[in-house]
Structure formats: structure tokens, C-alpha cells
Amino acid sequence: MPDGQMTHSMTKKATYTTLAAWPLAICQALEARGIPPGPLLAAAQLNREEFVSHPEGRLDVRLMTRFWEVVLEATGDEAFGLSVAQYVQPMNFRALGLLMHTAGNLEQAFLKLGQYSALVSNSASIRIEQTPQNLVFCIDPIPGVTISTMAIDSFLATLTRFADQLGAARPFVDKVEFLQPSPRRPEAWSRFFGAPVAFGAAQNAVWLNRLQLKRAEVMGDLQMSAYSESLVQSYVGGLGDVPLTHQVKQLLNAQLEKSEPNISVIAQRLNLTERSLRRRLKDENTTYRDLVQQCRMELAEHYLTHTSLSITDIALRVGFTDTGNFSRAFTRHFGKTPSGFRNKTSPH
């Protein structure tokens with residue numbers, strides 16, 4: 001592969017990127033099946049030697065998505081993403097893996113993974129919900145960013161494998177949900193997770209049992225944990241060449257369904273004051289209010305296109321308490337009512 005292509009594949013200039021550990025794990029999973037990964041990497045304009053030399057590097061998610069596509073073509077196995085989890089270790093996530101190892105228990109480790117998920121990939125929004133019984137690890141698509149369903153499978157499968165490796169007693173998965181339609185062999189997913197799996201759901205999520213996670217004690221080294229967290233914060237801060245607009249929208253997408261987006265919380269997550277956040281957004285020719293509205297409309301578009309949720313449910317999920325207000329806002333933004341938009345674009 002020419003040097004120019006190598007430089008293009010591992011770059012921080014792409015808006016949405018993922019950690020180089022993923023293609024390395026995919027290569028190992030392919031080799032375990034006797035499939036040489038070289039031609040598949042070449043088809044996606046990727047170079048394995050570059051990943052080996054720079055495992056901490058970043059990969060343009062568009063190239064990663066193409067790699068998943070050629071892997072599916074080569075294997076013919078829709079469940080291949082599940083097998084990739086076997087070749088991913090917590091330490092592949094660099095300092096974030098060490099941070100997980102030094103947490104007090106597995107629940108704290110997963111909360112840290114969710115908090116700093118941008119280190120692993122910023123091509124989707126990670127959202128963690130807590131119920132009395134469950135820690136719900138959700139992966140929300142970012143409107144306009146295409147990622148493979150196999151990547152979702154692989155990430156959720158990796159989470160459960162981490163729980164195994166870090167000492168959680170089974171059963172610790174209560175259920176799993178996927179946005180994708182049911183595959184030809186859904187039993188492969190049920191068998192892997194050891195729990196009920198729902199396809200065509202409203203979200204991608206694994207429901208982890210909090211009691212089992214809390215019982216799984218890990219290293220619990222406060223000094224090492226603080227040091228590891230400083231490294232993680234530094235790394236994530238190094239991704240700052242991503243436009244602030246994209247960073248804000250990613251955080252908003254993760255927060256929208258939980259509560260009314262709060263600018264002070266968003267600013268804190270970005271290590272900015274509220275005033276600085278408003279000023280820097282103005283420099284990028286937008287406002288916080290405009291971004292909130294964009295995220296609401298993009299999320300509504302996603303639900304109308306990819307789910308069978310009712311208009312009322314969608315309105316509530318994207319932050320409207322009144323269906324009429326939602327319909328008027330949607331019509332202003334897209335030039336069609338929500339029902340008219342769905343009838344034209346949705347497969348449901």
C-alpha cells in the first residue's frame with residue numbers, strides 16, 4: 001500500500017475515529033478461521049503493519065465500516081462480530097483498560113468505560129442508564145455516521161467478555177437489545193450472551209446486573225486509578241482537533257433521551273466554562289440552542305426511519321412534552337410532518 005494511503009488510514013484529522021485495536025482483533029479472528037486478512041485489509045485501504053506499530057492510533061470510521069463490509073462478504077457470517085470479542089483485552093484500550101482494572105469494583109469500571117468511551121470510538125454515543133437492578137450500557141447511532149451492525153455486536157460482546165475476565169459471576173447479563181432486524185440465526189446471539197436478545201428494538205443495549213457487577217472486586221488501587229484517569233483525560237483531550245460542534249452534539253445525543261440537555265453539564269464534560277463554550281460555538285457559526293434542536297431533529301429522523309415507535313413516543317424521547325409542538329418543529333426542519341416523512345422513507 002502506498003505511504004499516502006497508510007497516512008490516510010490512521011489519522012486524527014477524520015471527525016469520527018476508532019481505536020486501532022479493533023482491526024487487529026478482527027485480523028486475529030479471521031486467522032483463527034483460516035482466512036488471510038491481508039486481501040480484506042487491502043480492499044478497505046488498510047495496512048496491518050501500521051496498526052501493529054501504532055496500536056494507540058486512530059482509524060477513520062468510514063474505513064473501518066468498509067472493512068466490516070468486506071469481512072462479512074468473506075465470512076458469510078452475520079455473527080462474526082461476536083467472535084472478535086475473544087481477541088480484545090481491556091489493556092487494548094490503553095490507559096482506559098488500566099483505569100478499569102484499578103476501579104473498586106466492576107460496576108465502577110464500566111462507568112469509567114462509559115465516561116471515556118470516546119477513547120475507544122467517537123463514532124457513536126455511549127449512554128449509561130442506571131435502574132435499581134441494572135446498569136444499561138447503550139450505544140446510540142450518531143445521525144449521518146454509518147457504522148456496521150457487526151461493530152455494535154463486537155462492542156457489546158466485548159463488554160460481556162470484559163465482565164467475565166474481571167471476575168463477574170454468571171449470569172450477569174439480563175437481556176440484550178439491538179436496533180438491527182433479526183438475523184437469519186438469532187440463536188448465535190442468545191447463545192453468546194446467555195440471555196434473551198431482542199432485535200428490531202428501540203436501542204442497542206446490554207442490561208448488566210448491578211449486584212453481580214458490584215460483587216466483582218477488581219484491583220481497587222486509588223493512586224494508580226487517579227494516575228490512569230489523568231492519562232485517559234489527556235488522551236481524550238488530544239482528540240480536540242475534532243470540531244467542538246461535533247463534540248457537543250455527541251454529548252447531547254447521549255443525554256437527550258435521559259433529560260433536558262443542560263449546557264452547564266455539557267461544558268463541564270468538555271472542561272470548559274459555560275461562557276467559553278458559548279463563545280467557541282459562536283466561532284464555529286452556531287449556538288448551543290441550535291445544536292440541541294439539530295440533535296432533536298436528527299434523532300427524530302432516525303427513529304422515524306429505523307423504528308416503529310409511535311409519533312408520541314418519539315416526541316417524548318427527543319425532548320418534547322407535546323406532540324403538536326414536536327410535529328410543528330419537525331415540519332419546519334424537514335418540510336414534512338413526522339407521519340408524512342415516515343410514510344415516504346421508513347420500511348415499517
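In this predicted model, a polar atom of the N47 side chain lies 2.9 Å from the backbone nitrogen of E49. N47 itself sits in a loop, with α3 (38-43) on one side and α4 (48-53) on the other. Is N47 buried or exposed? N47 has a relative accessible area of 12%. The cut-off for buried is under 20%, so N47 counts as buried. P23 is 24 residues from N47 in sequence, yet the two C-alpha atoms are 9.6 Å apart in space.

P23 leads on to the helices. It belongs to α2, on the side of the contact with α5 that also includes W22, I26, C27 and L30. Two packed helices are described by the angle between their axes and the distance between those axes. For α2 (residues 21-32) and α5 (residues 61-75), the angle is about 10° and the axes are 11 Å apart. Angles under 35 degrees count as roughly parallel, so α2 is roughly parallel to α5. From α5, the contact draws on M64, F67, W68, V71 and T75. Nine residues of this contact are nonpolar and one is polar. None is charged.

Now the sheet. Five strands form an open sheet in the order β3-β4-β7-β5-β6, and the pairing is mixed. Which strands stand at the edges? They are β3 (124-130) and β6 (197-198). Each has a single partner strand, so one side of each lacks a neighbour in the sheet. Further in, β4 (residues 134-141) and β7 (residues 204-209) run antiparallel, joined by six bridges.

Terms used: Residues are numbered from 1 along each chain as its sequence is written. This is a predicted model: local features need pLDDT of at least 70, side-chain atom pairs count only at pLDDT 80 or more; totals for chains, interfaces and linings use all residues. Side-chain values use heavy atoms; hydrogens and water are left out. Helices (H or I, at least four residues) and strands (E, at least two) are DSSP runs, numbered from the N terminus. Buried means under 20% relative accessible area, exposed over 50%, partly exposed in between (1.4 Å probe, protein chains only). A polar contact is a pair of N or O atoms within 3.5 Å; within protein, one must be able to donate a hydrogen and the other to accept it, and residues adjacent in sequence count only if both atoms are side-chain atoms. Axes are lines fitted to C-alpha atoms, for helices over the stretch in contact, and angles run from 0 to 180 degrees between N-to-C directions. Angles under 35 degrees count as roughly parallel, over 145 as roughly antiparallel, 65 to 115 as roughly perpendicular and the rest as oblique. Contact means heavy atoms within 4.5 Å. Ala, Val, Leu, Ile, Met, Phe, Trp, Tyr, Cys and Pro count as nonpolar, Asp, Glu, Lys and Arg as charged, and the others, Gly among them, as polar. Two strands pair if DSSP finds at least two bridges between them.
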